Amino acid sequence: MSSANEIDRAGMMQALAQARKSYDEGGIPIGCSLMANGTVLGCGHNQRIQKSSATLHAEISALENAGRLRAQRYREVTLYTTLSPCLMCTGAILLYKIPRVVIGENITFLGGEELLKSHQIEVVVIDDPECKDLMARFIREKPEEWNEDIGEE
């Protein structure tokens, strides 16, 4: 196994732990971690329900928890997210020029992956069964909250 695979697995495990935490709190089970050179810089989870927030998606939470970083540091980051990033989160990835995004699954929701690729961002979808199962369970249990999160009626 290559070290990149080990690092990707560790990054996704961090993101999944955050997704489980959100689910356990009654929130939308999406998690994210930011890693650079094998070091976790920040993690977060979707907290729209928990904090009654319009914008606190997992990726935004992880960026916030990483704190202020120099522009060059973002160029070394891989963002791990359990679900394909929405356009808001895609915009944040583009703004900070994060070069690589690893996605747990994109079956439940397909976000701005093509936009990321059009800006030469490396996008890797690992099609993780636990990411899919956790989202499917949440959507079955709370379809209204899910639709609200993605801006649907």
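This is a predicted model: local features need pLDDT of at least 70, side-chain atom pairs count only at pLDDT 80 or more; totals for chains, interfaces and linings use all residues.
1. Aromatic pairs. A pair of aromatic rings is described by the distance of the centres and the angle of the planes. The count for this structure comes to two aromatic pairs. One of them can be described through F109 and W146: the ring centres are 6.1 Å apart and the planes stand at 90°, so the pair is edge-to-face. For that label the planes must be over 60 degrees apart.

2. Position of the F109 and W146 pair. The two residues come from distant parts of the chain, 37 residues apart. F109 sits in the loop between β4 (100–103) and α5 (113–118), while W146 belongs to helix α7 (residues 143–149). Both F109 and W146 are buried.

3. Charge over a ring. Which ring does R137 lie over? R137 is placed over the face of Y23, and the distance from the ring centre is 4.7 Å.

4. Disulfides. A disulfide is a covalent bond between the sulfur atoms of two cysteines. Searching the whole structure gives zero disulfides. C32 is in no disulfide, and the nearest cysteine sulfur to C32, that of C43, lies 7.8 Å away. The cut-off for a disulfide is sulfur atoms within 2.5 Å.

5. C32 and C131. Is C32 buried or exposed? With a relative accessibility of 0%, C32 counts as buried. C131 is also buried, at a relative accessible area of 3%.

Note on methods: Residues are numbered from 1 along each chain as its sequence is written. Side-chain values use heavy atoms; hydrogens and water are left out. Rings of Phe, Tyr and Trp (its six-membered ring) pair if their centres lie within 6.5 Å; planes under 30 degrees apart count as stacked, over 60 as edge-to-face and the rest as tilted. Helices (H or I, at least four residues) and strands (E, at least two) are DSSP runs, numbered from the N terminus. Buried means under 20% relative accessible area, exposed over 50%, partly exposed in between (1.4 Å probe, protein chains only). A charge sits over a ring if NZ of Lys or CZ of Arg is within 6 Å of the ring centre and within 35 degrees of the ring normal.
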